[in-house]
Amino acid sequence: MSTTQTTSAQASALRIFWPMLVIAGLAINLRPTVTATGPLLEKIIANTGLGLQSASLLTVLPMLCMGLIPLLLPWLERRFSESRLVTAGLFAIAMGSLWRLSLDDSRSLIASALLAGTGIAIVQAIIPSLVKRWYPQHAPLAMGGYSASLMAGGGIAAMLSPLVAKHYGSWQSGLGIWLIPAFIALLLWWSRPRENLNINDSKVSINFFGKRRAWLLACYFGLANGGYACMVAWLPSYAQELGWSAQDSGELIGIMTVFQVIGALAAPLLCSSRLDRRPWLFFAVAIQLVGFSGLILAPELMLNTWVSMIGCGLGACFALTLTVTLDHLSTPKLAGALTAFVQGVGFIITATTPYIAGVLREWTGSFQASWLMLLLSLMLMLAITIRLSPASYAKAMSLSSNE
């Protein structure tokens with residue numbers, strides 16, 4: 001092969017993989033703020049006096065931000081460029097983590113979760129449109145890579161935060177260490193491939209608040225992520241009630257994450273040749289049903305197995321739900337706007353789930369009622385999945401239809 005051909009092949013590979021590296025770098029920063037606190041919650045409560053319901057705010061507030069900010073995205077994008085929004089979001093994540101290195105009271109901890117959650121919400125709302133724009137012919141696979149990176153970041157944080165906290169002798173270090181990947185992501189974002197943006201569809205808009213399909217997708221997304229929010233918020237505490245150590249309970253989140261990544265990568269790959277994603281959505285929901293049933297009926301018998309099944313289902317469900325949402329519209333800008341709406345309303349639903357689970361835990365004295373609540377939500381998802389036929393996409397999203 002000639003030098004010219006080699007150089008051309010290298011440039012082609014760089015054009016394909018460099019955008020995915022940027023997306024992965026952004027995605028890795030979208031969950032550590034939420035997942036790092038779970039394994040350290042016992043120490044945080046002991047040192048700050050935080051109650052269980054207040055502790056749930058460490059998960060609820062970032063999730064609420066993930067819900068509210070995307071709904072404001074059309075307004076934000078009219079005033080700020082995409083580049084500035086992502087830069088500001090990453091900077092907020094980094095500053096929230098930096099703040100956590102020195103705080104010593106519950107109010108500051110909750111405020112840091114709000115600051116970082118705002119940054120997470122901005123970046124997370126923008127990424128799907130990047131995926132649709134950078135990988136128009138391979139959106140399901142790129143969405144799988146994004147989802148897997150997002151979940152890997154959360155799992156790594158759950159496993160490493162207790163180790164960092166133990167090494168430095170403070171839980172603040174375990175939470176604050178995550179400012180490093182945020183700054184790395186900033187460097188990746190600033191070095192992203194330059195592109196000529198297609199603005200032909202910039203003046204076309206759909207009022208998604210008036211679309212029943214948009215609300216259906218949002219509710220589906222919210223229910224799908226409710227299980228994840230509950231697991232990262234309460235699974236470490238649940239495991240510790242069963243006799244697990246803080247480090248081991250963090251590793252349990254790590255096990256869940258490994259299978260989330262497998263699910264997030266495998267499901268889009270397996271369904272990439274067909275537009276109808278429903279068979280794999282049914283599988284993703286069904287395997288979670290089995291896992292949560294195991295948590296209720298035999299938690300001590302095969303806890304690792306139940307958590308692995310739940311993780312696989314959660315990962316597949318997250319990637320497929322976003323992929324189905326993007327499938328509804330062909331133009332990147334409109335598909336991104338729909339995804340922002342779905343994430344916005346969906347994460348508001350998601351944010352309430354761990355709080356309700358915490359209330360149920362305090363009322364009943366165990367997490368069994370919380371797991372039962374998630375079982376019921378999964379049954380509702382099975383019913384919704386039937387309606388997500390590709391034949392319905394055009395009518396559901398037509399400018400003149402309110403379906």
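**Salt bridges and ring contacts**

R133 and E82 form a salt bridge, with the closest N and O atoms 2.9 Å apart (a side-chain nitrogen of Lys or Arg within 4 Å of a carboxyl oxygen of Asp or Glu). R133 lies in helix α7 (residues 106-134) and E82 in helix α6, so the pair ties together parts that are 51 residues apart in sequence. Helices are DSSP runs (H or I, at least four residues), numbered from the N terminus.

This is a predicted model: local features need pLDDT of at least 70, side-chain atom pairs count only at pLDDT 80 or more, and totals for chains, interfaces and linings use all residues. Residues are numbered from 1 along each chain as its sequence is written, and side-chain values use heavy atoms, with hydrogens and water left out.

**Around E82**
- Helix α6 (residues 82-100) contains E82.
- E82 touches I126, S129, L130, R133 and W189, not counting residues up to four places away in sequence (contact: heavy atoms within 4.5 Å).
- R133 is partly exposed, with a relative accessible area of 23% (buried is under 20%, exposed over 50%, partly exposed in between; 1.4 Å probe, protein chains only).

**Other salt bridges**
- The whole structure holds 4 salt bridges.
- D276 pairs with R278 at 2.9 Å, N to O. Both D276 and R278 are buried.
- R277 pairs with D327 at 2.8 Å, N to O. R277 lies in the loop between α12 (246-271) and α13, and D327 in helix α14, so this pair ties together parts that are 50 residues apart in sequence.
- R277 is buried at 5% relative accessible area. D327 also counts as buried, at 18%.

**Aromatic pairs**
- A search of the whole structure finds 13 aromatic pairs (ring centres of Phe, Tyr and Trp, its six-membered ring, within 6.5 Å; planes under 30 degrees apart are stacked, over 60 edge-to-face, the rest tilted).
- F221 and F318 form a tilted pair, 5.8 Å centre to centre with 45° between the planes. F221 lies in helix α11 (residues 212-241) and F318 in helix α14 (residues 303-327), so the pair ties together parts 97 residues apart in sequence.
- Both F221 and F318 are buried.
- W280 and F283 have ring centres 6.0 Å apart and planes at 80°, so the pair is edge-to-face. They are 3 residues apart in helix α13 (residues 278-297).
- W280 is partly exposed at 29%, and F283 is partly exposed at 40%.
- One aromatic cluster is formed by W234, Y238, F292, F367 and W371.

**Charges over rings**
- The charged end of R192 sits over the ring of W189, 3.9 Å from its centre (CZ of Arg or NZ of Lys within 6 Å of the ring centre and within 35 degrees of the ring normal).
- R361 lies over the face of F367, 5.4 Å from the ring centre.

Technical notes:
Helices (H or I, at least four residues) and strands (E, at least two) are DSSP runs, numbered from the N terminus.
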